[in-house]
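Let's explore this structure together, one question at a time. Keep the 3D view open and look for each residue as it comes up.

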Amino acid sequence: MEKSLPITRVYAPLDLYTPRGETERRLEGLARFVRRHIPDAQSVEIRTKLALHASERDYSFTYDLAGITAYRPDGEARDVVKVLYERLEEGLKLPADDPNGEWSWERALLEEDDSLMNELLEPLVWVFANPFAHNPTVVVNLEDLERNLTAVEDVAAMQSGLAPCEGFYPALARNALFKFVRNHVPDARKIRVQYALRTAEYDDALYLDCELNRIDVERSSGETVWLDNVIEKRAASEPSFVDNAPRDPWTEALLEHDTTGLHELLEPLVRAYAPDPNLKHGILEFEL
C-alpha cells in the first residue's frame, strides 16, 4: 500500500547540517534513483541506523543505510537494492564519468561508500524523520514531490527564526534569555553562557542534553556578575527572594533546580547560535 509522507515533525537545525538547497537536491536525486530501477514506484521507505561518534572535543552523528523499499501502485513492495543488483546481472552499466553525481546512490551502494551514503541520507533524515532515533525512517511520496518539499519550506522559514521546529523558536528563545537577564541585571550589556553536552536516552532515541555551567553578565560599569550563582545564593539565604523573584522560565528553572527545564531553554540557543552545536563544552555570547 502507498506510504504517505509524515511532514508534521521537522527536527532540522538552522543550517540543516548541509548548504541551503541541498535537501531539495537530495530529494530529487532520490526520486530519480528509485524511478531508474522501478519506474512506476509511487513511494519509497528508507530505513537507516544512527551512529554516534564521540571525540574528546565533540559529538557527531552519521547514518548507515539499513534498507530501501519502493511501493508500486498495486501495493507491491520491492527491495530497491535487490532490484539494482538484478539489473546489473542483466547487463546494466553505470556511466564511467558522473560529474554531476546523478548516479551517487548507485555508487554509494555498489562501492559500499559509507561516507557518500551518509551525505545522501543526512539531509533527508534531518527533515523527514527523527534524526535522534536509533533507527530513523524516511518515507517519501514520489508522486507528490511538491508536498514533500513543504517540509523543506517549513525548515527554510524556520531558519529565519519565524517558524517552529518541534517547539524550536530561536528568536523567542534568545528573547526569553534577554528578559531573564534584564529582570535581575537591568543594566546588563553582555551575556556569556557556558554549557556542556551530555548524551541521554529517551523513548528509544539518543539525544544530546544541554547542561548549564554558568551565566556571566557584564554590566554597563564593566562589572561581571555570575548570575545563576547569585540567584541560587539569594534563594538559599533570603526566603522572601523566592516569593518575590520574577516568574520567567529561566528564574523558575534555576530556583527549582530543573535540569530538564534548563535543557529546553538552552537547546534552541545552542542549535541556533553556537559556532559549533556539537562541541562537548561551549560558550554562547550575546550583546544586549
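Q: Does Asp216 count as buried or exposed?
A: The words have cut-offs: buried means under 20% relative accessible area, exposed over 50%, and partly exposed in between, using a 1.4 Å probe and protein chains only. Asp216 has 10% relative accessibility, so it counts as buried.

Q: What kind of model is this?
A: Residues are numbered from 1 along each chain as its sequence is written, and side-chain values use heavy atoms, with hydrogens and water left out. Local features need pLDDT of at least 70, side-chain atom pairs count only at pLDDT 80 or more, and totals for chains, interfaces and linings use all residues; the model is predicted.

Q: Which residue forms a salt bridge with Asp216?
A: A salt bridge here is a side-chain nitrogen of Lys or Arg within 4 Å of a carboxyl oxygen of Asp or Glu. The partner of Asp216 has its closest N and O atoms 2.9 Å apart.

Q: Which ring does the charged end of Arg214 sit over?
A: A charge sits over a ring if NZ of Lys or CZ of Arg is within 6 Å of the ring centre and within 35 degrees of the ring normal. For Arg214, the distance to the ring centre is 3.9 Å. The ring belongs to Trp226.

Q: How many salt bridges are found in the whole structure?
A: Several join into a network, which links Asp40, Arg72, Glu76, Arg78 and Glu86. Another brings together the side chains of Glu238 and Arg234, at 3.2 Å from N to O. A search of the whole structure gives a total of 21.

Q: Are the rings of Trp126 and Phe132 stacked or edge-to-face?
A: Rings of Phe, Tyr and Trp (its six-membered ring) pair if their centres lie within 6.5 Å; planes under 30 degrees apart are stacked, over 60 edge-to-face, and the rest tilted. The structure holds 6 aromatic pairs. The rings of Trp126 and Phe132 have their centres 5.4 Å apart and their planes at 80°, so this pair is edge-to-face.

Q: Which residue forms a stacked aromatic pair with Phe180?
A: The two rings are 5.7 Å apart, centre to centre, with 20° between the planes. The pair links distant parts of the chain, with Phe180 in helix α6 (residues 170-184) and its partner 70 residues away in helix α9 (residues 249-255). Both residues are buried. The partner is Trp250.

Q: How far apart are the end C-alpha atoms of α6?
A: The expected span of a helix is 1.5 Å times one less than its number of residues. The 15 residues of α6 should therefore span 21 Å. The distance between the end C-alpha atoms agrees with this, at 22 Å.

Q: What arc do the buried residues of α6 cover?
A: In α6, the buried residues are Pro170, Ala173, Leu177, Phe178, Phe180 and Val181. Their arc is that of the directions from the helix axis to the C-beta atoms, and it puts them on the same side of α6. On the other side, Leu172 and Lys179 are exposed.

Q: What is the phi of Glu112?
A: Most residues other than glycine have a negative phi, and most peptide bonds are trans. Glu112 is not a glycine, and its phi is positive. Glu112 lies in the loop between α3 (104-110) and α4 (114-128), and is exposed, with a relative accessible area of 65%. Its phi is about 50°.

Q: Where does His257 lie?
A: His257 is another residue with a positive phi, near 50°, that is not glycine. With a relative accessible area of 59%, His257 is exposed. Its place is the loop between α9 and α10.

Key: Helices (H or I, at least four residues) and strands (E, at least two) are DSSP runs, numbered from the N terminus.
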